[in-house]
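Dear colleague,

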Amino acid sequence: CPGMFSQDRFSAAYDPVTRKTDPQALSDTRRLMDVLMLRRMKALVEKGLPPRHEVQVNCPLSPMQLFWYRRLLIKDWRMLELIEQNEGQNVGRFQKLMSLMAQLRKACNHPWLFDGAEGANESLASMVAASGKLALLDRLLVGLRRRGHRVV
């Protein structure tokens, strides 16, 4: 398809100022992409897969995770107090609140994501013990393997 993707053809079909496109050129592009791209679904390719089974498991935070979680909340308690008092009037604090939420999520995933949290003992056992999720997953996978389950 030489010339199919030329700059002149693109410039004629799309106006960057008004952001308008030529509907015929868009339709032609979609038809061309249908021919070039192969889209297959997993269920159509591998028919022997059993249906996916999802289970939601709640797990407690480890002591190290609780330490970091509380530390983050105590560090920003004044900001949280101001937001609660003014209820929605602090648009400027929204970014700080979103940053705090990201840090709390990081503490829930694994405390070693924070700089200096690893300590001196960086063994696999200490890494698993530092996170409630990993500790539960470690116990869960051992039991599933013993019973012959396959896990993805």
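Thr18 is partly exposed in this predicted model, because its relative accessible area is 44%, and a residue has to exceed 50% to count as exposed or fall under 20% to count as buried. Thr18 sits in the loop that joins strand 1 (14-15) to strand 2 (20-21). Between the C-alpha atoms of Thr18 and Asn58 there is a separation of 50 Å, the two residues being 40 apart along the chain.

Helix 4 (residues 63-75) packs with helix 6 (residues 94-109) at an angle of about 170°, and their axes are 8 Å apart. Angles over 145 degrees count as roughly antiparallel, and helix 4 and helix 6 are therefore roughly antiparallel to each other. From helix 4, the residues that take part in the contact are Gln65, Trp68, Tyr69, Leu72 and Leu73; helix 6 contributes Leu100, Gln103, Leu104, Ala107, Cys108 and Asn109. Sorted by class, this contact of helix 4 with helix 6 comprises eight nonpolar and three polar residues, with no charged ones.

The largest pocket has a volume of about 930 Å³. It is lined by 17 residues, of which Arg52, His53, Arg150, Val151 and Val152 are the closest to its centre. Helix 8 (residues 132-146) supplies the largest share of the lining of this pocket, with five residues. In terms of class, the lining of the largest pocket consists of 12 nonpolar, two polar and three charged residues.

With kind regards

Note on methods
Residues are numbered from 1 along each chain as its sequence is written. This is a predicted model: local features need pLDDT of at least 70, side-chain atom pairs count only at pLDDT 80 or more; totals for chains, interfaces and linings use all residues. Side-chain values use heavy atoms; hydrogens and water are left out. Axes are lines fitted to C-alpha atoms, for helices over the stretch in contact, and angles run from 0 to 180 degrees between N-to-C directions. Helices (H or I, at least four residues) and strands (E, at least two) are DSSP runs, numbered from the N terminus. Angles under 35 degrees count as roughly parallel, over 145 as roughly antiparallel, 65 to 115 as roughly perpendicular and the rest as oblique. Contact means heavy atoms within 4.5 Å. Ala, Val, Leu, Ile, Met, Phe, Trp, Tyr, Cys and Pro count as nonpolar, Asp, Glu, Lys and Arg as charged, and the others, Gly among them, as polar. On a 1 Å grid over the protein atoms alone, a cavity is a set of points where a 1.4 Å probe fits but cannot get out, and a pocket is an open set with protein on both sides within 12 Å along at least five of seven lines; lining residues have an atom within 4 Å of a point. Grid points are joined across faces, edges and corners, and a volume is the space filled by probe spheres set on the points. Buried means under 20% relative accessible area, exposed over 50%, partly exposed in between (1.4 Å probe, protein chains only).
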